[in-house]
There are 2 protein chains.
Amino acid sequence: MDKNKQAIEAAIQKLDFKVNEMARALKTNRSMTVGVLIPNFENIFFTSIVSNIENGLLQEGYSTIVCDYKENPLLEAEKLNFLLDKMVDGIIMMPLTDSDELINEIISKDIPVILIDRMINNVNCDVVLVDNLNASYNAVEQLIIRGHKRIGIIVGPEDVYTAQERLKGYIRVHEDYGREVDPRLIKYGDYQMQSGYELFQELLQVDPLPTAIYVTNYEMTLGAVIAINETNLKIPEDLSVIGFDNLALARIVKPSLSIVVQPMQQIGEVAAQILLKRLKKDLSGFPAVVRLKTELLIRDSVRSIET
Amino acid sequence: MDKNKQAIEAAIQKLDFKVNEMARALKTNRSMTVGVLIPNFENIFFTSIVSNIENGLLQEGYSTIVCDYKENPLLEAEKLNFLLDKMVDGIIMMPLTDSDELINEIISKDIPVILIDRMINNVNCDVVLVDNLNASYNAVEQLIIRGHKRIGIIVGPEDVYTAQERLKGYIRVHEDYGREVDPRLIKYGDYQMQSGYELFQELLQVDPLPTAIYVTNYEMTLGAVIAINETNLKIPEDLSVIGFDNLALARIVKPSLSIVVQPMQQIGEVAAQILLKRLKKDLSGFPAVVRLKTELLIRDSVRSIET
DNA sequence: TTGTAGGCGTTATCAA
DNA sequence: TTGATAACGCCTACAA
């Protein structure tokens, strides 16, 4: 009965009837919703990735619930449970805690999880990250090639995966070029602006002074730039600087800042793509470990040293 | 039977039983979840407010689903419907479209809506915003007091509430001081970085040149700073500049940038607080219109002109 | 106090 | 093809 169908369609329009997605999810165990969990909303690096994830998922009809955990391990678990409460079909997250327990539990419930940015041991799932080691290697190498012998590094927390990798790159390139690493030139921060600010000043207390400083994330780069502005240092004459992550920032400071650029768009797109594959029960290549390349932009904040 | 109860508790622990929040929501028509909708994730001004909203709601046991609509009116409606699908108990949003239809429909379903940042006509709901008019008034007034006669403004889209208000303040302070407004010094942008960049350059083509430029949001301020870096202009000797919104930015550029600072924390907190009130069916003072004050930070990018 | 049945709005199953 | 019915997991009301 076509007539019947049409009448129903008309009625749906008139009463603007909407299916109750909760009831549907309850029945089908699928919500067509994906959970995305990041450390913090107030960080353009994270939110930019989220934006790109969303684009990929939306095209396939999946909506996204975005959560942050404010760099708080307790909140991380809480938000993860919140996403489960909402019966998300899959999760893309940047983990903070190294604990594999909860994540493995989720995976065992047949909810695919994609890790981004950071890796966790003992978790069997897809992961999309950046080649942090070589990102650092290449950045510091450019400084070495330009004749710098004392290169300071402001690195993240010792127990954070990306920080470990970025430090490894710094150390390995020193080794490869037969250079000593002066431990006093390695400063551990917490990836926040304030620590970039303070550690930069600490590096200026080291004797003999570094001729170049490499800062390994966006927030700490901000802090370092602020610290620079408060000194009388001329960049790059007195000190060469390489920062991290934010393209706009590089153009805003003067002289223009050299930076390591992470492929935020690609991270988001690839993560979304893999998750969509898993949601279609396509397990080919599982567990995928995608390691994306960074780009190094050398601008005016780096100079060569005559020897 | 205390023993019984304990046994049940123990069993709950052992089987790590979890209530199905979907089923509960389906039955009770309450999800203990609030929807938050912002124009864009890639904007620290928006996401910072979100973060503060979340804090307020979490304390009262409400979780948050955060969505963005990428400045796209179609997506705005879509995401709003997504939030309704998730049976959110209330919504806090920054509207883009002026259309009152959908929002009124939501309100009529007894789901409280709090508007932030922007107002909409013909919608009867609480709203938390900033005194944009006087924010501009005060900023431009400081320039006038310092002897500036030709003050350029880079303002947002003509059809956006905040842009209208910020322009009104610019015009009113000119009137109050008996100054002509040169329409060539008013440039309409789209609140994005690129337009700040381009319009800044356009202002440098106006004859006679402005001695000061006031940029009315964060993204466009970024663009303006980049444009400055590409000229030979000395700030503030050749040109005074006042920007908008981002405190860190003000410290990063050199000379330090004068800015209008919006109370992001307060916006988020107040919006959360009002929504919580409404969720408790407390309708006192409805509809509340909270107009928060901005702060003006005069730094090194502004100078006095001798007359 | 404790237990049980019915219904929230879907979808899936099975019979007609 | 169509239509009736059970079940998803929870809450609530009412009965025992």
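**Entry 1: the DNA strands**

For my tallies, Ala, Val, Leu, Ile, Met, Phe, Trp, Tyr, Cys and Pro count as nonpolar, Asp, Glu, Lys and Arg as charged, and the others, Gly among them, as polar. With that settled, I sorted the surface near DNA strand D and got five nonpolar, two polar and three charged residues. A note on the source: this is a predicted model, in which local features need pLDDT of at least 70 and side-chain atom pairs count only at pLDDT 80 or more, while totals for chains, interfaces and linings use all residues. Residues are numbered from 1 along each chain as its sequence is written, and chains are lettered from A and ligands numbered from 1 in the order in which they are written.

I call a residue near a strand if its C-beta atom, placed from the backbone, lies within 6 Å of it. There are 10 residues around DNA strand D, and Lys27(A), Val19(B), Asn20(B), Ala23(B) and Arg24(B) come nearest. Helices (H or I, at least four residues) and strands (E, at least two) are DSSP runs, numbered from the N terminus. By that scheme, α2 (21-28) of chain A and α2 (21-28) of chain B each supply at least two residues here. The largest share, five residues, comes from α2(B).

Then I turned to DNA strand C. I found 10 residues surrounding DNA strand C, with Val19(A), Asn20(A), Ala23(A), Arg24(A) and Lys27(A) the closest. Again, α2 of chain A and α2 of chain B are the elements giving two or more residues. For DNA strand C, α2(A) has the largest share, with five residues. The classes come to five nonpolar, two polar and three charged.

**Entry 2: where chains and domains touch**

Between the chains, the contact takes 28 residues from chain A and 28 residues from chain B. On the chain A side, α2, α3 (44-58), β2 (63-68), α4 (73-85), α9 and α10 each supply at least two residues. That side holds 18 nonpolar, five polar and five charged residues.

The contact draws seven residues from domain 1 of chain A and eight residues from domain 2 of chain A. The domain 1 side has four nonpolar, one polar and two charged residues.

**Entry 3: strand β9 of chain A**

My burial rule: a residue is buried if 20 or more other C-beta atoms lie within 10 Å of its own, exposed if 12 or fewer, and partly exposed in between, with C-beta atoms placed from the backbone. Strand β9 (residues 240-244) of chain A is largely enclosed by the rest of the structure, because five of its five residues are buried. Ser240(A), Ile242(A) and Phe244(A) point one way, and Val241(A) and Gly243(A) the other.

Strands pair if DSSP finds at least two bridges between them. I found three bridges joining strand β8 (residues 212-215) of chain A to β9(A), with the two running parallel. Ala212(A) has Ser240(A) as its bridge partner. The chain gets from β8(A) to β9(A) through helix α9 (residues 218-229), a right-handed β-α-β crossover; right-handed here means that, with the strands pointing away from the viewer, the path from the first strand over the helix to the second runs clockwise. With strand β10 (residues 258-261) of chain A, β9(A) also pairs in the parallel sense over three bridges. There, Ile242(A) is partnered by Ser258(A). Helix α10 (residues 247-252) carries the chain from β9(A) to β10(A), and this crossover is right-handed.

Most residues other than glycine have a negative phi, and most peptide bonds are trans. I therefore listed the exceptions, citing that rule.

Met87(A) has a positive phi of about 55 degrees. Met87(A) sits in the loop between α4 and β3 (90-93) of chain A, and is buried, with 20 other C-beta atoms within 10 Å. In chain B, phi of Met87(B) is near 55 degrees, and Met87(B) counts as buried with 20 C-beta neighbours inside 10 Å.

The bond from Ile235(B) to Pro236(B) is cis, with omega near 5 degrees, and Pro236(B) is in the loop between α9 (218-230) and β9 (240-244) of chain B. The bond from Lys254(B) to Pro255(B) is cis too, with omega near 0 degrees.

Terms used:
Contact = placed C-beta atoms within 7 Å.
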